[in-house]
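Hello,

Here is the structure I promised to hand over. Please have a look at it first; my notes follow below.

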Amino acid sequence: MKVKKYVASSMPEAMKVIRAELGPEAVILKSRSVKVGGFLGAFTKKKLEVIAGVDDQVKKPKKYVKNHTNEELMKQVNELKQLITTMQPSRNTSVEYPLLVQKAISFLQHQEIEERLLKEVRDKVMELYYTTPSLGDKQLVEWLKNWFEEYLSHSECSKVFQKKYINVVGPTGVGKTTTLAKLAASCILEQNQRVAFITTDTYRISAIDQLKTYASILNVPVEVCYNSEDFQQALQRFNEYDIVFIDTAGRNFLDSQYIHDLHNMLSFNEYMETFLVLTATAKMADLREVYKQFSNIPIDSIILTKLDETTTFGPIINLLTECQLPAAFITIGQDVPDDLEKYTTKKIVDYLFGDWKYE
Ligand SMILES: Nc1nc2c(ncn2[C@@H]2O[C@H](COP(=O)(O)OP(=O)(O)OP(=O)(O)O)[C@@H](O)[C@H]2O)c(=O)[nH]1
Ligand SMILES: [Mg+2]
């Protein structure tokens with residue numbers, strides 16, 4: 001090893017000289033501050049004494065100058081690369097896409113379609129853009145609608161009312177009772193069926209009155225059940241009826257006791273068809289949480305309510321793509337029985353693109 005002593009004003013200055021002389025492999029062995037010059041202790045200057053060493057085998061002074069230059073160059077190149085990367089728009093923003101593609105992406109982002117889906121659709125739209133000469137708005141929206149319909153094809157419920165007992169569950173205020181009345185009305189008016197009501201929602205007096213009001217308008221009997229014995233008796237009483245609609249109390253869906261109580265009260269057996277009622281006005285995270293909470297109950301299909309109360313359809317579409325359950329009905333207003341429709345992927349996708357501003 002070659003060892004050499006250097007005296008400099010500062011460490012950076014010392015390093016510069018050491019690197020130039022001994023090369024980048026040089027190591028600092030020791031450093032200390034020293035006083036140099038002066039006369040009889042006066043006019044001395046504080047300096048830094050640095051002892052550096054380099055392994056003789058590695059040391060090739062001539063080349064070091066070159067290597068050092070290369071190193072500097074590489075450093076600068078890397079810095080430039082980094083600068084370019086930070087200046088580039090992130091892949092998440094649509095800045096780098098053609099205008100029409102950007103329009104579609106921001107539209108879907110605005111609709112709260114989640115990134116997972118957005119990424120898939122973005123790649124496909126880019127492909128479409130480059131393979132379709134003079135692609136216009138209309139053509140793009142048609143294509144997008146088809147794409148979403150295809151993507152949601154599993155969500156169409158082929159059969160409803162396969163069982164005698166129809167039961168609706170879901171969070172508070174999503175429209176369970178109103179929807180139940182709409183469903184009952186459609187069975188009476190369209191299929192001329194003998195219909196009865198049961199309510200297990202004894203949580204609020206007004207809830208019983210609400211169902212009784214619908215029952216008297218539709219001229220059907222109603223049983224109020226406070227416990228599972230009442231419930232079994234009510235089932236007996238309505239044995240002769242074609243179809244029995246069962247209303248349940250909405251509770252805070254974060255309260256797992258509610259799901260437990262539901263299980264205790266109702267017998268989710270082979271005669272029971274259960275609809276989970278979700279509102280289109282809910283946030284994505286809440287929809288996911290509700291779905292998770294209710295996954296302990298054998299749900300047959302979903303009913304989406306209040307589509308008339310939102311302009312953002314991403315959350316329910318995201319949920320339908322990730323859950324395995326089909327959707328059976330949508331509701332689009334408060335009127336019984338009119339504001340109920342069968343769910344189709346076409347309808348939900350038409351809602352999604354309802355606000356698209358054509359050029
Ligand atoms: N705009 C609109 N309002 C609706 C729709 N469906 C229900 N509603 C209204 O939502 C409110 C709550 O409806 P309910 O049927 O009482 O809801 P619920 O889920 O039974 O409520 P709880 O029993 O308290 O859990 C009422 O004012 C309904 O008229 C719909 O599709 N659109
Ligand atoms: Mg209710």
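Start with helix α11: its buried residues pack against α4 (115–131), α10 (284–294), β9 (301–305), β10 (327–331) and α12 (345–352). Helix α11 spans residues 314–322, and its buried residues are Pro315, Ile316, Ile317, Asn318, Leu319 and Leu320. Buried means 20 or more other C-beta atoms within 10 Å of a residue's own, exposed means 12 or fewer, and partly exposed is in between, with C-beta atoms placed from the backbone. Helices (H or I, at least four residues) and strands (E, at least two) are DSSP runs, numbered from the N terminus.

A word on the source. This is a predicted model, where local features need pLDDT of at least 70, side-chain atom pairs count only at pLDDT 80 or more, and totals for chains, interfaces and linings use all residues. Residues are numbered from 1 along each chain as its sequence is written, while chains are lettered from A and ligands numbered from 1 in the order in which they are written.

The overall picture: the protein has twelve helices and eleven strands. Of its 359 residues, 30% are buried. Among contacts (C-beta atoms, placed from the backbone, within 7 Å) with a separation of 6 or more, 75% join residues 24 or more positions apart.

Next, a helix pair. The axes of α6 (residues 176–191) and α7 (residues 205–218) come within 10 Å and cross at roughly 15 degrees. Axes are lines fitted to C-alpha atoms, for helices over the stretch in contact, and angles run from 0 to 180 degrees between N-to-C directions. The two helices are therefore roughly parallel (under 35 degrees; over 145 is roughly antiparallel, 65 to 115 roughly perpendicular, the rest oblique). Thr177, Ala181, Ala184, Ala185 and Ile188 of α6 meet Ala207, Gln210, Leu211, Tyr214 and Leu218 of α7.

Helix α6 also gives the largest share of the shell around ligand 1, three residues. Of the 20 residues around ligand 1 (C-beta atom, placed from the backbone, within 6 Å), Gly175, Lys176, Thr178, Gly250 and Thr331 come nearest.

Finally, some backbone details. Val336 and Pro337 are joined by a cis peptide bond, with omega about 5 degrees. Pro337 sits in the loop between β10 and β11 (340–342). Phe161 is not a glycine, yet has a positive phi of about 50 degrees. Asn219, also not a glycine, has a positive phi of about 60 degrees. Asn219 is in the loop between α7 and β6 (222–224), and is exposed, with 8 other C-beta atoms within 10 Å.

Best wishes

Note on methods. Two residues are in contact if their C-beta atoms, placed from the backbone, lie within 7 Å.
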